Amino acid sequence: MSQRDIRVGLLAGPSVRLFLTSATVLCAELLLIRWIPGKIIYVGFFNNFILMASFLGIGLGILSTRGSWRPRIDPAPLLLFLLTAVVLSGRLNVALPSTDQVFIGAAPPELVDVNVLVLAAVIILTTLAMAALARPLGPLFRELPPLRAYATDIAGALFGIALFAALSAFETQPPVWFGVVALLLVLLALGSGVDRRAAVGATALICMLGLAVFDQAQGADHWSSYYRLSMFAAGDGGEELSVNGIPYQTMVKADVAPAYFSEVYRSYPGRTFRNALIIGAGTGNDTAAALRGGVQSIDAVDIDPAILEIGVERHPDRPYDDTRVHRYVDDGRAFLRRSTTTYDLIVFAQTDSFVLVGNSANVRLESFLFTKEAFESAKAHLAPDGVLVLYNAYRERWLVDRYAATLREVFALEPVVHTYAQFGSAYRAWLAVSTLTAARPGESSSASEVLPPALDDWPFPYLHDRGIAPRYVVALGLMLLFAALAVMLLTRRAGAQLRTFSPHFFVLGVAFLLLETRSLVTFSLLFGTTWTVNALAFFGILVVVLAAIGVNARFRIRRAWPIYVSIFVALALNALIPPTALLFDPPWLRYAAAAALVFAPIFFANVAFSHSFKNSAAADGAFASNVVGAMVGGVLEWSALVTGYQSLLALAAVLYLAAYLLSTRWRVIADRELRVQREPQFVTVE
């Protein structure tokens, strides 16, 4: 260290720097996953591509430190600034992915056209930025004992998740997010030592923060826990709410609102609705129509508190001020599960969303609302002569026919269907089912085929068939090709030869991502698709990982086969006991049973990982191989669109069998160097 270097001793220890690096990487990853789709809408259709690019970047960053090349200037701030500039300059509003996957909402299709060049630039820059952020992990993993390094890394990740969850809980805005990441980078720099060259990185961070602040100041955008919200003036004296740049809801007075809001009150004129449940109440149009229709008590449920608050403050009819209305911030499916009320009217309002539940799964916020099991749950809360209604801008007639067929199967009644021509070739549709006879007969179905219903195991109502749209197949193939070329190029340029790659840890990474995805989807089904459930589930997964590390640190496990047998038993139990079998009360018992069942394979999988990791002669290469494997797991997760999420368990079982064989009988490349670790990592009990 030169005399001009500045270093803070408290931050200079390898454990502290590893903790901070992991926290920074995780926090930056969550920021990009949350912020980029809100700015460039079509990235939302490729949402887990940001996650895959992050995994790939982390792996590349660790591998890059194997060679002799060292950048004179930290590239992370420069790349983050460049990525921020590209995202803000490429901000567009996007379009229909294909005729087999439906975009729900009021935006005309021409707003939704994917700019391939911008998308590619975002993926590449995300990979490079995450690689730059993860570079310190390589030497730090080599400097510390493997298990201590892994435990410290997981602890840092837990801190990063908790930190970003707090930022979401307080509905902070993007400049604060960027400021937190910048602060973490400054702390890392002070721990590593800074000199004159750090001025370049500092300037880049200031420019990045400046762009974030400038962009926030340009409009009236407000970021809720789920969306970027924007308000615009609309006709009839109302206001229009856009989410992530897509027109979403227009607040208008009930007497001039579109006909579908009050259709149920005209169709059943002799029915007095004593109480009603509105799922997806949003800004209040549905609630205002219900009040105008004479409903005596209304439970208005929406998952986003910020959207509800906009309705409270700005809807012209002020429906949420009425004492007959009770507001609830909750996932609609979770609310139905907890409720003991029987309703005369249940309305599935415009419950479309434009975001995924988590970082890895392809499940949207409302996916579990339109499954066969969800309609069965609604039926259980409906009075004998009650009415269930759903409506939206469905755009495709086959989607309306799917919902009609599902209602017909669940209720054993013929649903009433009305459509309303709007938005050019698209239309809104209104569906209702009841033992009562509607005053206005419904339209006859034009369906030439009966599409199967969406199910809790296959919650994809917007897919025409079980399958992956061609454009996504091409994109996933290109992502894999990009990853392969990047790894090969990096190992050659950095001098990190292919022998540092571990097939064993790579396969473990692929399998673990599938387990993680299936776990997050299961918890979303059981407890709701809210961001808090997702954050707590992810946090719980990492706590289980820490517990698995503790087992290997505390006990000397001489053979690996009992661990893998435990993995297969845990996977078999999860296959035999589907998530729907856990939909029972009380909630605390449901949570305990779900945690024990779902986290069991994750625990044993990480006992296997940390057992091998402890015996690895090259911890940095093993960890990099594992993270790159997780990226490939993100690709394989798309298979759930064909087979459903339970099938991921079988795929994971095959992968864990391969991982066991690669660590025992089929040792190749870096796995030949797996050795028995003689030094105790923490405390050893014979």
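Patches, in the sense used here, are made of residues with over 30% relative accessible area and no salt bridge, where like charges are joined within 9 Å and nonpolar side chains (Val, Leu, Ile, Met, Phe, Trp, Tyr) within 5 Å. Accessible areas come from the Shrake-Rupley method with a 1.4 Å probe, and for residues only the protein chains shown count as cover. A salt bridge is a side-chain nitrogen of Lys or Arg within 4 Å of a carboxyl oxygen of Asp or Glu. With these terms, W561, V565, V569, L573, L576 and I577 make a nonpolar surface patch of about 570 Å².

The model is a predicted one, in which local features need pLDDT of at least 70 and side-chain atom pairs count only at pLDDT 80 or more, while totals for chains, interfaces and linings use all residues. Residues are numbered from 1 along each chain as its sequence is written, and side-chain values use heavy atoms, with hydrogens and water left out.

## Overall composition

The secondary structure of the protein chain comes to 22 helices and 11 strands, where helices (H or I, at least four residues) and strands (E, at least two) are DSSP runs numbered from the N terminus. Of the 686 residues, 60% count as buried, a class that means under 20% relative accessible area, with exposed set at over 50% and partly exposed in between (1.4 Å probe, protein chains only). The accessible surface of the chain comes to about 26400 Å², and 63% of this belongs to carbon and sulfur atoms. Among contacts (heavy atoms within 4.5 Å) between residues at least 6 apart in sequence, 80% join residues at least 24 apart.

## Salt bridges

A search of the whole structure finds 19 salt bridges. Three of them are set out below.

| Pair | N to O distance | Accessibility |
|---|---|---|
| D620 and R142 | 2.3 Å | D620 buried, 1%; R142 partly exposed, 36% |
| R271 and D344 | 3.3 Å | R271 and D344 both buried |
| R324 and D322 | 3.0 Å | R324 partly exposed, 31%; D322 partly exposed, 23% |

D620 forms its salt bridge with R142 at 2.3 Å between the closest N and O atoms. This pair links distant parts of the chain, since D620 is in helix 20 (residues 619–636) and R142 is in helix 5 (residues 137–143), 478 residues apart. The salt bridge of R271 and D344 has an N to O distance of 3.3 Å. That pair also links distant parts of the chain, with R271 in the loop between helix 9 and strand 5 (275–279) and D344 in strand 8 (residues 343–348), 73 residues apart. Beyond these pairs, K39, D215, D221 and R228 are linked in a network of salt bridges.

E263 lies in helix 9 (residues 263–267) and is buried, with a relative accessible area of 2%. Its side chain is joined to that of R266 by a polar contact of 3.1 Å; such a contact is a pair of N or O atoms within 3.5 Å, and within protein one must be able to donate a hydrogen and the other to accept it, while residues adjacent in sequence count only if both atoms are side-chain atoms. Not counting residues up to four places away in sequence, E263 touches H418, Y420, W430 and R440.

D401 is found in helix 14 (residues 397–411) and is likewise buried, with a relative accessible area of 12%. The C-alpha atoms of D401 and L431 are separated by 9.9 Å, the two residues being 30 apart along the chain.

## Cysteines and backbone

How many disulfides does a search of the whole structure find? The search finds 0 disulfides, a disulfide being a pair of cysteine sulfur atoms within 2.5 Å. C27 is buried at 1% relative accessible area, whereas C207 counts as partly exposed at 34%.

Most residues other than glycine have a negative phi. E171, although not a glycine, has a positive phi of about 50°; E171 lies in the loop between helix 6 (146–169) and helix 7 (174–192) and is partly exposed at 22%. A412, also not a glycine, has a positive phi of about 55°, lies in the loop between helix 14 and strand 10 (416–421), and is exposed, with a relative accessible area of 68%.
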